[in-house]
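Me: I have a model open and would like to check the wording used for it. Could we go through the terms one at a time?

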Amino acid sequence: MNILEQHTKFMSAAIELAQQAAEAGEVPVGAVIVRDGEIIGTGHNLSISNHDATAHAEIVAMRDASMSLENYRLNGCDLYVTIEPCTMCVGAMVHARINRIVFGAKEPRAGALQSQFRLLDDGHFNHSIGVIGGILADECGEIMTQFFRERRTGR
């Protein structure tokens, strides 16, 4: 499997989780944590259901992966997420020592990697993370567009 096929496979898994979030009435973001070619953590937004502002898909997936590894450090792990992460999530990824962030669609209002901020560009942190954006971006963006369109029209 080449690298693009690998990114597509794992982003597709994140998209499935985003769809589960939408069905639960959550903002449709999904994330998976991958280590050595295997998914070791999954999550989708749970902020509304859990009454928890920190329960973003990325945080939920990191918590799941940390339990799988029995370690809060996620060295050697890649995080796939359908939407560009926010500042809170990027900060948590730095602390968890995520190896690489792969995201789908940009988040023009709160994206902390390319859209609003470029938190990982200046080398201020004691850990650097690789970033790849735009994997299945149209599919990831469409889930968000459809979700908010339905919310506005009441369907």
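Me: What makes C140 count as buried or exposed in this predicted model?

Reply: Its relative accessible area is 1%, and buried means under 20%. C140 therefore falls on the buried side of the cut-off.

Me: What makes β1 and β2 a strand pair?

Reply: At least two bridges are needed for that, and β1 (residues 30-35) has 6 bridges with β2 (residues 38-44). They therefore pair, and the sense is antiparallel. Two places to look are V32, whose bridge partner in β2 is T42, and G30, which stands opposite H44.

Me: What lies between β1 and β2 in their hairpin?

Reply: There are 2 residues between the two strands. In this turn, D36 has a positive phi of about 55°.

Me: How do you know which way β1 and β3 run relative to each other, and what makes them a pair?

Reply: They run antiparallel, joined by 5 bridges. With at least two bridges required, β1 and β3 therefore qualify as paired. On your screen, V34 stands opposite D78 in β3.

Me: Why is β1 described as largely enclosed?

Reply: Of its 6 residues, 5 are buried, so β1 is largely enclosed by the rest of the structure.

Me: What makes up the largest nonpolar core?

Reply: This core has 44 residues, and M11, I33, M62, M93 and I98 have the most contacts inside it. Its members must be buried and joined through side-chain atoms within 4.5 Å. The elements giving two or more residues are α1, β1, α3 (57-69), β3 (77-83), α4 (87-96), β4 (100-105) and α5. Of these, α1 gives the most, with 7 residues.

Me: What is known about the volume and lining of the largest pocket?

Reply: The volume is about 510 Å³. There are 22 lining residues, and V27, V29, I83, E107 and M144 lie nearest the centre of the pocket. To count as lining, a residue must have an atom within 4 Å of a pocket point. At least two lining residues each come from α2 (47-50) and α5 (137-153), and α5 gives the most, with 3 residues. By class, the lining has 12 nonpolar, 4 polar and 6 charged residues.

Me: Which residues line the second largest pocket?

Reply: Q19, A22, I143, Q146, F147, E150 and R151 line it. Two or more of the lining residues come from each of α1 (3-23) and α5, with the largest share, 5 residues, from α5. The volume of this pocket is about 160 Å³. By class, its lining has 3 nonpolar, 2 polar and 2 charged residues.

Key:
Residues numbered from 1 in each chain as written. Predicted model: local features only at pLDDT ≥ 70, side-chain atom pairs only at ≥ 80, totals over all residues. Heavy atoms only, no water. Helix = DSSP H or I, 4+ residues; strand = E, 2+ residues; numbered from the N terminus. Buried < 20%, exposed > 50% of the residue type's maximum accessible area, 1.4 Å probe, protein only. 1 Å grid on protein atoms, 1.4 Å probe; cavity = no way out; pocket = protein on both sides within 12 Å on 5 of 7 lines; lining within 4 Å. Points joined across faces, edges and corners; volume = space filled by probe spheres on them. Nonpolar A, V, L, I, M, F, W, Y, C, P; charged D, E, K, R; others polar.
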